[in-house]
Amino acid sequence: GHDPQSLSLSSFKESGEIEFNADAAYVLRNKSEDHDSVKKIDLDCVKNRAGAMGCVELTFCGDFMRFEQREPNRHAEFEEYASEVSKPW
């Protein structure tokens with residue numbers, strides 16, 4: 001059987017030389033167990049030659065064919081600025 005939760009960079013090896021030649025590769029993982037039109041989806045970077053890899057948690061609304069980020073993406077290197085924004089001037 002096919003388990004979408006176990007997808008990785010090696011999952012691309014059946015697609016010619018994509019695994020080797022791609023600068024970046026991403027997989028979408030459905031985290032919802034139901035068949036509703038709104039689903040929790042993870043966008044997982046499995047390869048990135050030019051930067052950091054990671055996972056972005058998204059919500060997919062099938063009725064509008066739209067992805068939205070579940071929570072704001074907070075990068076550690078910008079945390080000091082986030083606390084500055086909350087200060088009253």
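Me: Is Asp 44 buried, partly exposed or exposed in this predicted model?
Reply: The model is predicted, so local features need pLDDT of at least 70 and side-chain atom pairs count only at pLDDT 80 or more, while totals for chains, interfaces and linings use all residues. Residues are numbered from 1 along each chain as its sequence is written, and side-chain values use heavy atoms, with hydrogens and water left out. Buried means under 20% relative accessible area, exposed over 50% and partly exposed in between, with a 1.4 Å probe and protein chains only. Asp 44 has a relative accessibility of 18% and therefore counts as buried.

Me: Which residues does Asp 44 touch, not counting residues up to four places away in sequence?
Reply: Asp 44 lies in strand S2, residues 38-48, where strands (E, at least two residues) are DSSP runs numbered from the N terminus. With contact meaning heavy atoms within 4.5 Å, and with residues up to four places away in sequence not counted, Asp 44 touches Ala 25, Tyr 26, Val 27, Arg 29, Gly 54 and Cys 55.

Me: How many aromatic pairs does the count come to?
Reply: Rings of Phe, Tyr and Trp (its six-membered ring) pair if their centres lie within 6.5 Å, and planes under 30 degrees apart count as stacked, over 60 as edge-to-face and the rest as tilted. By this rule the count comes to one aromatic pair. Its members are Phe 60 and Phe 67, tilted at 45° between the planes and 4.7 Å centre to centre.

Me: Which relative accessible area does Phe 60 have?
Reply: Phe 67 counts as partly exposed because its relative accessibility is 41%. Phe 60, by contrast, is buried because its relative accessible area is 15%.

Key: Helix = DSSP H or I, 4+ residues; strand = E, 2+ residues; numbered from the N terminus.
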